[in-house]
Amino acid sequence: MTDINKLGKQYRITAHGVKTDSNLVQTQAIQAVIDKAAAAGGGVIIIPKGVFLSGNLFFKPGTHLHLEVAATLKASDDISDFKVLTTRIEGETCTYFPALVNADSVNGFTISGKGTLNGNGLRYWKAFWLRRSWNPKCTNKDEMRPRLLYISNSKDVQVSGIRLINSPFWTSHYYKCENLKLLNLYIYAPAAPVKAPSSDAIDLDVCKNVLIKNCYMSVNDDAVALKGGKGPQADKDPNNGGNFNIIIEDNTYGFCHGALTFGSESVHNRNIILRRIKIDHAQRLLWLKMRPDTPQLYEYVTVEDIKGSVTNMVYIQPWTQFFDLKGETDIKMSYANHITMKNLKLDCDNVFNVSNSEQYKLTHFIFKDWKVKAAKNPSIQKNYIDNFTLENVVVNDQKL
């Protein structure tokens, strides 16, 4: 765990001009504390007990964030309290709104404590669904809303202990981060009574050497989603890239669309491990989004030691939301290979919800040591995958 006593001078925001007033938006006052610490060589920005309302904050090299017990840093629900600038969102570098907490080029950056980042998302969610009701084609970005946490271009980052709740958009987004640890986090956004749209718990976007451990995730979208770029030339854009060497272990999942999802903006993912998790009523355990307007390669993936309940265990389908070949005529082939799923004890509706498609190729899958109950569809279409091994796979007390 993070020892803030080793991170330099401590800056308690209430000792530097920030008021204890949960109704007052204090973006400039809180940013001034961060800037003061950075100018003095760094230190720890401490959020004490209470609720502090803010727009976008930008942490700088040498600074850290610590949220004490019962401390809440809460996003303003007025989008005009957020800037418009160049950022990374949905697989592209573009002009959009930053997050509540942003940190760029901050090697060694930490967020720690027992407090809360609260996205205050209800107003944003209602506005999104209202817009979608009159314009079903509106994109996720059309209803202007911030993320909760965005860390980019950084090495040796650790986020631990805190709660991240009610994000207006993606909950936490990591772009071009290396040696990243996400530990003991509680991440939540509701599926009812108002759905929190696109509230992904953790989005890894061109990251490598990542550990996600001992976290709780329940959101109205994907829990861990691997991003990296989209479009027919996505693999040639230096802003894009793959996710490599990702370990996701010892976590607990409530409701989510996908426990581990590749896509929807993804180019290359390799050496991905999901293990020792407990899951309750997720819609999908492993979801491979195969996007026909983007070249994709998903390889060397292990899913093991899983207990609980899901709607779909394996879900592989074409992904065509906002499909755009950008003037090109031919779809892009996608590939998934060396996918191993073993030691699974699950209740589900569908074991193998996979479409056979000419737009992607699936090879070298291993299913081993399963004890599964399937309420609706227990079958596995072996001919959909080349070099497909089933070993000790028991579904509804029958060996397949």
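Which side chains meet in a salt bridge of 2.9 Å, N to O?

1. The side chains of Asp35 and Lys60 meet in that salt bridge, defined as a side-chain nitrogen of Lys or Arg within 4 Å of a carboxyl oxygen of Asp or Glu. Asp35 lies in helix H1 (residues 27-39) and Lys60 in the loop between strand E4 (57-59) and strand E5 (63-67), so the pair ties together parts 25 residues apart in sequence. Helices (H or I, at least four residues) and strands (E, at least two) are DSSP runs numbered from the N terminus.

2. The model is predicted: local features need pLDDT of at least 70, side-chain atom pairs count only at pLDDT 80 or more, and totals for chains, interfaces and linings use all residues. Residues are numbered from 1 along each chain as its sequence is written, and side-chain values use heavy atoms, with hydrogens and water left out.

3. The salt bridges number 21. Asp222 and Lys289 form one of them, at 3.4 Å from N to O. Asp222 belongs to strand E19 (residues 222-227) and Lys289 to strand E23 (residues 268-290), 67 residues apart. Both residues are buried (buried is under 20% relative accessible area, exposed over 50%, partly exposed in between; 1.4 Å probe, protein chains only).

4. Asp397 pairs with Lys373 in a salt bridge, with the closest N and O atoms 2.8 Å apart. Asp397 is exposed, at 58% relative accessible area, whereas Lys373 is partly exposed, at 38%.

5. Arg147 is buried without a salt bridge; Asp205, the nearest side chain of opposite charge, is 7.1 Å away. A polar atom of the Arg147 side chain lies 3.2 Å from the backbone oxygen of Phe97.

Terms used:
Lys and Arg count as positive and Asp and Glu as negative; His and the chain ends are not counted. A polar contact is a pair of N or O atoms within 3.5 Å; within protein, one must be able to donate a hydrogen and the other to accept it, and residues adjacent in sequence count only if both atoms are side-chain atoms.
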